[in-house]
Amino acid sequence: MLAVVVIVASCDVTELDLADNPNALSPDQASPDFFLNAIQVDFARSIVEPFGRTGAQLTRIDYMSGRDYTNAYSPASQDGRWRSAYQRMMMDIETMYKLTTGDAGLTKHTGMAQVMQAYTLMTLVDFYGDVPYSEAFAGEDGNLNPGVDSGADVYAAAIGLLDAAIANFEADALAEPQYDFYYDGDWGKWIKAANTIKMKAYMTTRLVDGSAVASFNAIVASGNYITSNADDMQFRYGTNEIQPDTRHSRYASTYTTTGGGRYTSNSLMYYMQGNNPELGSFNPSRYDPRILFYFYRQVSGTPGIDAPADEEVLECGLQNAPTHYDGYVFCGAPQGYWGRDHGNDNGIPPDGFLRTLEGVYPAGGALDDFSFDAQINGGGNGGAGVTPVMLASWAQFMIAETQMVAGDVAGAKASMDAAIALSMDKVTNFFPRTARFEWIFGTGANPSDPTSNGPILGLLSDYIGAFNSDLTAEWDAAGTAGKWDILGMQYYVAMYGNGIDAYNFYRRTGYPTTLQPNIEPDPGGFIRSFYYAANAANTNQNITQKSGVDVQVFWDTNPASPGFPAAN
């Protein structure tokens with residue numbers, strides 16, 4: 001008892017509240033360069049890539065597992081990306097601003113962060129609707145239950161950040177960033193990127209903002225936006241496997257010692273084959289050569305499609321297509337394009353060394369040169385891929401959309417053609433082609449027999465020319481709705497690697513109407529916005545969880561689901 005009295009008495013006179021750890025750095029002692037390095041990496045890995053993949057899954061650019069839209073993306077599944085956006089990247093940005101603004105004069109650090117923060121804020125609105133912003137970054141002593149701002153207000157704040165970023169890029173800086181992973185210190189290109197992201201903002205909000213298209217066209221008229229592949233905003237990955245793993249995440253999960261870890265989209269692969277795949281017979285209908293760069297086939301035939309059925313590895317090869325799949329690809333595409341249908345949630349068979357893999361673009365995987373070799377960790381280009389953020393081809397597709405809305409069909413076709421040309425050039429020249437590829441499609445010699453010269457299937461340029469000719473014929477034969485379908489599908493093809501704007505385009509226009517249906521006949525209404533992250537809704541008293549995924553974001557004024565978009 002005496003000891004207890006002594007201890008309690010001692011607590012009354014002893015200062016035990018040592019709030020500042022003398023061994024820890026405080027934010028004002030941190031390096032702006034280190035902050036910016038982390039922000040750049042987190043932006044690509046934790047924002048663009050995961051949100052881009054989800055948008056691509058919903059629009060059939062990538063494969064989506066989950067037959068029921070309500071349950072396919074649960075609130076708990078949103079926790080990681082919500083935490084990455086708020087607790088990691090944007091909190092780092094807000095902390096870094098204290099080190100780079102004012103008398104610090106680090107305008108270029110600040111401008112880069114503002115562009116990435118603006119893109120992130122718009123993406124959060126696009127996926128969730130109203131989200132926290134104005135009260136979200138008050139720090140430990142601030143509001144721990146920040147309320148949500150309207151999506152329109154957050155978009156306006158994002159455009160303001162982009163304007164501020166442009167001013168910072170134009171201003172002198174006392175010091176420049178040690179590393180710029182996107183443009184290597186070319187501030188003119190950063191300005192073009194900021195302007196192009198503003199174009200994206202105006203395009204997304206054109207249904208609710210009568211001045212948006214005029215603002216969009218003003219940037220186009222200035223010419224100060226991303227117009228060439230050399231100006232593309234993208235994050236480049238390396239080939240290091242551990243400590244740290246610098247490879248593209250799609251590569252790391254696909255080229256493993258146990259085979260492929262992800263499935264590719266049957267819908268996209270079949271479309272790129274021209275819906276009439278006859279590779280080996282020159283000039284197939286609308287065959288898209290980018291398919292050889294997007295996907296790598298480990299086998300030459302698909303079981304039950306154009307190879308003997310094998311129930312153990314592809315059970316659906318022995319099944320009939322669902323009745324609502326009439327006219328759509330089912331189970332797999334010919335020529336070894338072995339993926340999965342939209343919404344297929346079956347178990348995983350032993351097909352890791354058989355299924356189609358992510359290719360050289362954008363994942364840094366293998367180029368499909370008809371080798372049909374099983375791929376493992378280290379194969380292809382070792383993961384040295386890219387995460388595309390904003391590309392010249394996408395800017396041209398946005399221009400084509402404005403022209404279609406204005407009734408300028410000829411202008412839209414010309415802009416679409418320019419977009420496709422940019423995409424073809426970027427993708428087909430992404431990495432040096434293999435000797436075998438050059439033999440098949442170029443003028444190189446057979447690697448196995450140097451005395452035998454190629455090409456054996458025709459020049460790649462001839463395939464590109466045939467593709468353009470076939471697409472023009474398809475466009476000319478289509479009505480207005482059919483032209484929107486073609487524009488939408490070609491936009492989606494060019495967006496492989498980041499489907500955020502595909503998801504927006506689909507909700508904004510309702511096109512294309514030709515997407516493969518969910519394998520479940522009644523999957524529920526299409527996801528117009530996602531549930532809030534479970535942790536945010538459960539712990540923040542100012543965030544109320546949504547009633548369902550049919551809640552539309554502020555810029556989506558189209559009819560409700562089901563019914564819009566046409567293909568659930």
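The lining of the second largest cavity comprises five nonpolar residues, two polar residues and one charged residue (Ala, Val, Leu, Ile, Met, Phe, Trp, Tyr, Cys and Pro count as nonpolar, Asp, Glu, Lys and Arg as charged, and the others, Gly among them, as polar). The structure is a predicted model, in which local features need pLDDT of at least 70 and side-chain atom pairs count only at pLDDT 80 or more, whereas totals for chains, interfaces and linings use all residues. Residues are numbered from 1 along each chain as its sequence is written, and side-chain values use heavy atoms, with hydrogens and water left out.

The residues lining this second largest cavity are Thr59, Arg60, Ile61, Ser267, Leu268, Met489, Tyr492 and Leu515. At least two of the lining residues come from each of helices H10 (266–272) and H16 (480–494) (helices are DSSP runs of H or I, at least four residues, numbered from the N terminus). The space in the second largest cavity is about 30 Å³.

Grid points are joined across faces, edges and corners, and a volume is the space filled by probe spheres set on the points. The largest cavity holds about 40 Å³ of space. Its lining consists of Lys200, Met203, Thr204, Met398, Tyr491, Asp501, Asn504 and Arg508, that is, three nonpolar, two polar and three charged residues. Helices H7 (187–204) and H17 (500–509) each contribute at least two residues to the lining of the largest cavity.

Thr204 lies in helix H7 and is buried, with a relative accessible area of 1% (buried means under 20% relative accessible area and exposed over 50%, with a 1.4 Å probe and protein chains only). In helix H8 (residues 212–222), the buried residues are Ala212, Phe216 and Ile219. These residues cover an arc of only 60 degrees around the axis, which places them on the same side of H8 (the arc is that of the directions from the helix axis to the C-beta atoms). The exposed residues Ala214 and Ala221 are carried on the face of H8 turned away from its buried side.

Helix H4 contains a kink of about 35 degrees centred on Met90 (the bend at a residue is the angle between axes fitted to the seven residues ending there and the seven starting there). Just after H4, Gly102 adopts a positive phi of about 65 degrees.

How values were computed: On a 1 Å grid over the protein atoms alone, a cavity is a set of points where a 1.4 Å probe fits but cannot get out, and a pocket is an open set with protein on both sides within 12 Å along at least five of seven lines; lining residues have an atom within 4 Å of a point.
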